[in-house]
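I opened this notebook to keep track of what I looked up, one topic at a time. The entries below follow the order in which I went through the chains.

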Amino acid sequence: MALLNTLVLAILATGFLMVSRRSLDAIIRLYALQNILLALVSFGLAGGELHFVLAGLALFAVKGVLIPWYLFWLIDRLEVSHEVEGYLSVSLSLLLAGLLTALAFRVGKAFVLPEAPLPQGVPVALSLVLLGILSMVSRKKAISQVLGFLALENGVFLMALSESHGLPLFVELGVALDAFAAVFLAGILIFRIKGEMGHVDTARMRSLRG
Amino acid sequence: MLYLLVLLPLVVFLARKEAGRLVRLSVLVPLFSFLLAPFLLGTAAGPFRLDGVGLFYLLLTDLIYALVALFARGYFARAEAWRFYWAGALFLASAHGAYLAHNLGMLWVFVEGSTLASALLVYHKGGARPLEATWKYLMLGSVGIAMGLIGVILVYALVGGATLDWGEVRSLVGEADPEGLKVAFALLLVGFGTKVGLFPLQAWLPDAHAEAPGPASALLSGTLLNVAFYALLRYAAIMQAAGLFAFASSLLLTFGLLTLLFAALFLFGQKEYKRLLAYSSMEHMGLAVFALGLGLPWLALYHTLAHSLAKTLAFLGASGILSLTHAKEVGRVGGLVFHVPALGIPYVLALAALGGLPPFPLFFAEFKAVEAAMRWPGLAGLYLLGLGMAFAGLLSPMAQMGFGRGKPLRGQGLDLWILWLLLGILVILGVFPGVEVFKELEVVLWRK
Amino acid sequence: MTALLALVLAPLFSGSVKWLKARLTHRQGLSPLMEYRNLFKLWRKVWIAPHPTTPLFLLGPILALLGTLGALALLPILPGPTFKGDFLLALYLLGLGRFVQMLAALDAGSSFGAQGSYREGVVTVLAEPGTLMALAGAVLLGEGFSLSGLPELGVENSLVLLLALASLALGLLAEGARMPVDDPTTHLELTMIHEAQILDHSGPLLALYELAGSLKMLFYAGLMALLLPGFKPLVFLGVGAAWVLALAYLETYGVKLRYLRLPDFLSYNTLFGVLALLGAIWRF
Amino acid sequence: MSPLWTFLPLVLALLSVGTPWRFRGLSLFLGMAGLAWGVLGGMGWASGLGAPYLYLLLLGALTLGLAPYLPAYLAHHPREAHLYGFLLPLFLASMAGVALASPGLGFLFLWEGMALLGYFLIALEGPNALAGARAFFLASRLSGAGLYLAFLGHGHVGADWVWAGLLLGFGVKAALFPFHAWLPQAHPVAISPVSALLSGAMTKLGLLGLYQSQYWFGPPPPWVGWVLLLLGLLGAVYALVRGLGEEDLKGALAYSSVENLGLMLAALGAYFLKPMPLLLGAFFLHQVAHALFKGLLFLGAGALEERRISHLGGLFRKAPGLGALALWGMGVGAGLPPGPVFLAEWQLYQGFLQGPFLMPLAAGALALVGALALYFYVRLYGLAFLGLPRGEVALHWTQGMRLSLGVLAGLLLLLALVPGLVLDPLGVPTYPNWLLLILLGVLAGVFYRGLLRMPMRAYGTWDCGFQPLTPRMQPNGLGFAEPALRLFPFLRLQVGEHPRLEEPLAEVYPGVGRIYARLAAWVQTLQSGSLHLYLLLQLLTLVVVLGVVLL
């Protein structure tokens, strides 16, 4: 159990780092790391049942490797500054992240169900979700919003793991497939936005009003 | 066989980019599934099972898709029609999947799939504004759906990880702990509420519907909102089975009323007529959620049916107007009833139908809703106030576009008979509501 | 029946008023009977049809006379038709006469006739409610809800009936177009109200209007007579004589009110009417 | 003998719209429908089946009068003629249906359907009819909302609320004072046959509804009676004074409708306070008489192209027939003795004077209304038909219109001669009106012929010896009404180069509209276009909903 605790705390740490880092490459690498840790957690929880292990491996393959590689490829093609502009300064976003995590832990207790396999994982999952939304809200660049969304997705996956050993296999695969399709579509859109508007800053996309 | 029904729409891709064949296939496929589906009622295959409510929405979606595909023939230039039909085929496949999915997880996956497919529909051939609309739609939709996923996970955990099949979950959920269920339903409501366009979460709806090409926005309003509403319906049935409907109805009523009032305020003084119709969709989805909250799922079904038909008619009319006048603002379009009655009259009557006027079904739906809401007179008062405000918003565009000052124009190259067909269906549905059919569907959902 | 009596007396009434005014200003004055010869002379003259006229031009004087005669016929001074609510019909028959008279004035197309008619309209708006309320108050006190059942002036209902009499008096001055409201002998068209409307009527038409004018005054006098105790025809003659004196005195020594001051003057009429009605309701 | 067979001619009328037979078929079938309703209504009312049958009688008479008018009018209004031909029978059917329906879904279905059809009929007139059509539709939906509250809230809400809903619902349709503003905007802008139907028949449905509500929802609380009485009389006086300042002929007629409706509402209010057959007689006779004479005047106004009173004048000589019929219509409208409207007001007076508490004072108000009505109709008729023509007026006074106005005038005459048609079932004694009418007619005729035989000489009008009179010397619309407008506080007359009439009450409704528009604009800033705000909203919603659920 101690191993699982450290893994979960490590995941929380990567979540915090993802919110605070300024460079896109660092965030993508942290995302890949988070996926690895998640895969380890799912192996730890699986306890030998084959299809859990299989599911963990498949997810790791899709989210751990495929998506980060795709994102790296995307950033290179876009020739856009790897800098992450946002509304909040680093310290302020960290402060907010801390607040949200505290809220998540306070509220998380109500989420924990009686026979949850990893009770301490639920508040962390909730905080990951809130951090994901925070980063989406506070980041201006389109890519960083996609990353925020992926962090959110990891939080949900951790919630699934800690609540009930993860969803049934094909549902899990469906979710992962959808996540990838969303990212893929977002990638195409970012390309078109770069082509159409010359920038990737969603804050300047405000022509649809009223 | 059900797998066939899910994958049937992909047949459209055979026609590749050749417009004529695309149109033929895009009309034949939904009609074929429209005829095939009733025979598959009750059959099950893997995660899919077709029951009454699923069949109802399936038939509605196929009918609307066929009509929209037929109308789109005159709307799109030959070169770029393939984009619409391909995205439409993907969307139809995911909609079929959602209505057939009996497994809650698969339902979520297909709803997410329909979001992505409809994002393609909105994107169509690009441009600054459609791009922005698609991006916002994708982001808001995905975040909302992710919250919905947490809800699905909680439901799955509450049932002890045994199954995600809707039928079993409904029977097992009796012993689940109520607090967890309340939290799960709240998350699901916020999740699918984003897709349905309830008040605080509706920001994507007007942009997506206004920037999508005419027939695409008809599809979005007519069928996409129903997919998310169908999911809400399933989860409301679970809450009812768990005996927690009192809590669920209070949430549904609050969200429904908020959506109605704020949609009415958004409607007022709206400059573009497609944004106006989008807000009217938001308003009617709020009314449907309100009807569900009142504990009358048959009324919610009836309301979504009536709204889908009326909104498809309105949006097809709007796209006809756009193709004739190339003007998006209400002010620059006028005197349609005088200049091109074949398009003007159905469009004005569609706006009247959305305003909840008698010969059309939405009047009957709103009457029954007020009748049921009278248990709490204050609530019924607010409901009537919301309806009045919404109507005030719809009135001036209807007056200006129908009878106001406008340059004479000629209606050509559009299949306007579809509009009159839809109008006929609406009037028949309005005069003979056929409540028994919906009461039977209610039995499938609601466990007495 | 009362109508015939009044028809006979009317020229005498207006003639004697003119005679008394002349005497008061130390002039010899025409004899009261002169009015009959005057009407007869007018009846035989050639009447002038102003250029743009319609049949209404003729109907004006005719219906003015018929309306007033109809109203007088309903007065029970001499036995005549009486039924519930006949006082309303009487007042509204006067209204019918006034309606056609105002239209006939407009018909000639002259600005004086039009000014006379809309001023008459305003006078009616000011005077009618008060008079009707006063009459209604009196009728409420009586029984049978008709003119025949009007109560005579007695000790117990003195206040209401005095108010009614005062209101009827003011009503006479307003409807009969006498001094404080309108000067019948003025030559300046801009100050006229009643005279302006009959500017273009000449010969027999003018005779009809003259007759109708004095008959209207006799109608109000008859109403006041009904409210006073005693044998009705005699009281009617007495009231007529009293009015001759009053009018003559008023018109030699009184002065015509400025037109915009009329509302203040006629508001007394409305006040008396309301008080009479309240008195009748609360029986004080 | 179910009343449904009377709707058969309407179905035929709908079918006949397609035929190229220049609307003859339409007018024939509408005439049949009118006749059928008249007969059914008459028999039903005579055998005491209740108010709906009197309404059918009224509607039938009006439709009978309208039938010959339509082909003549639509001949020189060819635009949208087929749409009118299609919508009019539906509109009539919905009105008849509402009269016969009992409260519930069917009633509201027809009620709102009537509002929709009415809206189309008004809006079809053209772009300048939009403001009026919009006011009409908003008012009808407001009345629909009131009826929802009353009909559906019957079991759940106290009687006061139910009656408040009824007053709102039917009051708006019957132009109760604060809600009357839509009528003078909507009725004049429509084409004349439609405004005749709106003013003549549709507004009476509100009255019928209020009257029937005492059977549907039990006797009303006392405050309803006083509200109807006071607001009715106040509305009548206000409408007449505002109508005096009205420049548009049909606008003035609409204000006179508001006045007559005010009187009917007052009669109903008095009846609710003290049920007397006199008041019922006044209530119903006034309805039938108003439907006929207002239909006559609106259809008459339809024959004129020019509608501003200050540009009319001298029409009697151009169309003596129209002049005579309009004189009879306006005479009856002004409440002059031989007319049925006087008979109704005569009963109303007696009803007021025998009423409880301070109701006799209402007789004073009624006298004021009578005097104002006299002044109002003298202005309307005098400036339009008499004197020198002030401007060139195109007149379409064709055969069909003569017949139609003749029918309506004849029905009015019939009502004046035999008021028993309406009054006998109520058992209300009246003085022999027919005797008065015949006497006046005969004597006037004798005098008229006598005067004509007398020697006469044509000469110019008296002009004080200065230069000859010109048409511009006659007063225009506002000039004629100026002294009366000075008397009343609720209107301000701006005299000067361009005299204008300011109506404070008319600013109230647009003011409310502006406040609502500002609120809507403020809410719309929520849709600001920034994705980050939307995501923040989503987060807040999640937090708030979870907070609600967990606490």
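**Entry 1: the model.** I note at the start that this is a predicted model.

**Entry 2: the domains of chain B.** I looked up the domain assignment of chain B, which gives domain 1 as 1–243 and domain 2 as 256–448. The C-alpha centres of domain 1 of chain B and domain 2 of chain B are 21 Å apart. For the contact between them I found 38 residues of domain 1 of chain B against 41 residues of domain 2 of chain B. On the side of domain 1 of chain B that touches domain 2 of chain B, the elements giving two or more residues are helix 3 (52–75), helix 9 (204–211) and helix 10 (214–241) of chain B. Helix 10 of chain B gives the most to that side, with 15 residues. Sorted by class, the side of domain 1 of chain B that touches domain 2 of chain B holds 23 nonpolar, twelve polar and three charged residues.

**Entry 3: chain B against chain D.** I then turned to the neighbouring chain in this list and found that 45 residues of chain B are in contact with 42 residues of chain D. On the side of chain B that touches chain D, two or more residues each come from helix 6 (128–158), helix 8 (178–196), helix 11 (245–267), helix 16 (361–373) and helix 17 (377–403) of chain B. Helix 17 of chain B supplies the largest share of that side, eleven residues. I recorded the classes for the side of chain B that touches chain D as 32 nonpolar, eight polar and five charged.

**Entry 4: chain C against chain D.** Here the contact takes 57 residues from chain C and 56 residues from chain D. The elements giving two or more residues to the side of chain C that touches chain D are strand 1 (47–50), helix 3 (55–73), helix 4 (86–107), helix 5 and helix 10 of chain C. Which helix gives the most to this side of chain C? I found that it is helix 5 of chain C, with 15 residues. By class, the side of chain C that touches chain D has 39 nonpolar, eleven polar and seven charged residues.

**Entry 5: strands of chains C and D.** Strand 1 of chain C pairs with strand 1 (residues 456–459) of chain D in the parallel sense, over four bridges. As one example I noted A49(C), whose bridge partner in strand 1 of chain D is A458(D).

**Entry 6: two helices of chain C.** Helix 5 (residues 111–141) of chain C and helix 10 (residues 262–282) of chain C have axes that come within 7 Å and cross at roughly 20 degrees. An angle under 35 degrees counts as roughly parallel, so helix 5 of chain C is roughly parallel to helix 10 of chain C. The crossing of these two helices of chain C is left-handed, and their contact has 18 nonpolar, seven polar and no charged residues.

**Entry 7: two helices of chain D.** Last, I looked at helix 15 (residues 320–333) of chain D and helix 18 (residues 399–417) of chain D, which pack at an angle of about 30 degrees with their axes 10 Å apart. Their crossing is left-handed. Helix 15 of chain D brings G321(D), L325(D), W328(D), G329(D) and V332(D) to the contact, while helix 18 of chain D brings R402(D), L405(D), A409(D) and L412(D). I sorted the residues of this contact into six nonpolar, two polar and one charged.

Technical notes
Residues are numbered from 1 along each chain as its sequence is written. Chains are lettered from A and ligands numbered from 1 in the order in which they are written. This is a predicted model: local features need pLDDT of at least 70, side-chain atom pairs count only at pLDDT 80 or more; totals for chains, interfaces and linings use all residues. Axes are lines fitted to C-alpha atoms, for helices over the stretch in contact, and angles run from 0 to 180 degrees between N-to-C directions. Angles under 35 degrees count as roughly parallel, over 145 as roughly antiparallel, 65 to 115 as roughly perpendicular and the rest as oblique. A crossing is left-handed if the near helix is turned anticlockwise from the far one by less than a right angle, and right-handed if clockwise. Ala, Val, Leu, Ile, Met, Phe, Trp, Tyr, Cys and Pro count as nonpolar, Asp, Glu, Lys and Arg as charged, and the others, Gly among them, as polar. Two residues are in contact if their C-beta atoms, placed from the backbone, lie within 7 Å. Domain bounds come from an automatic or database domain assignment. Two strands pair if DSSP finds at least two bridges between them.
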